[in-house]
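Hi,

As promised, here is the structure for you to look over.

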Amino acid sequence: MKKLVLPIILVAAVAGFAGAQTAKKPVAPAQITCAVMPTNKVDIAKATKAGMFADYKGNRYFFCCGGCPEAFKKDSAKYAKAAHIKTPKALKTRKAVS
C-alpha cells in the first residue's frame with residue numbers, strides 16, 4: 001500500500017507543477033471605457049496609436065475625445081478609479097498627454 005501511495009503523490013505533484021507552468025496570461029481587453037466620460041467606449045489600439053491616453057501611477061487611462069486628456073491632467077486623482085490597464089513595461093517612461 002505504501003509503495004502505491006508515493007507514486008500517486010509524485011504524479012499529482014508533477015501534474016500540478018506542469019499545469020502551473022502552462023497558465024496563460026490574461027488577454028488585454030480590446031475596448032475600455034473613457035477615464036473621463038465612462039459612458040463612452042474607447043478602442044485601445046486606436047487610442048494608443050492616436051496618443052489618446054495618459055499614464056498615472058503605473059496605470060494607463062484612455063480617452064474618447066480631445067477634451068478628456070486636459071480634464072484628466074487637471075485632476076488625475078479624481079479619475080484614478082476609472083477603468084484602466086497597467087502601464088506597459090516597455091513604455092512606462094513615455095507620456096502621451098502633457
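Arg60 and Asp55 form a salt bridge, with the closest N and O atoms 2.6 Å apart; by salt bridge I mean a side-chain nitrogen of Lys or Arg within 4 Å of a carboxyl oxygen of Asp or Glu. A search of the whole structure turns up one salt bridge. The side chains of Arg60 and Asp55 are also joined by a polar contact of 2.6 Å (a pair of N or O atoms within 3.5 Å; within protein, one must be able to donate a hydrogen and the other to accept it, and residues adjacent in sequence count only if both atoms are side-chain atoms). Arg60 and Asp55 are both buried, and for Arg60 the relative accessible area is 2%. The cut-offs here are under 20% relative accessible area for buried, over 50% for exposed and partly exposed in between, with a 1.4 Å probe and protein chains only.

Before you go further: this is a predicted model, so local features need pLDDT of at least 70 and side-chain atom pairs count only at pLDDT 80 or more, while totals for chains, interfaces and linings use all residues. Residues are numbered from 1 along each chain as its sequence is written, and side-chain values use heavy atoms, with hydrogens and water left out.

Arg60 sits in strand 4 (residues 59–62). The protein chain has four helices and five strands, running α-β-β-α-β-β-α-α-β from the N terminus. These are DSSP runs numbered from the N terminus: helices are H or I with at least four residues, strands E with at least two.

Leaving aside neighbours within four places in sequence, the contacts of Phe62 (heavy atoms within 4.5 Å) include Ile32, Cys34, Val42, Met52, Phe53 and Ile85.

One for your backbone checks: Lys57, in the loop between strand 3 and strand 4, has a positive phi, near 50 degrees, and is not a glycine. Lys57 is exposed, at 70% relative accessible area.

Overall, 24% of the 98 residues in the protein chain count as buried.

Cheers
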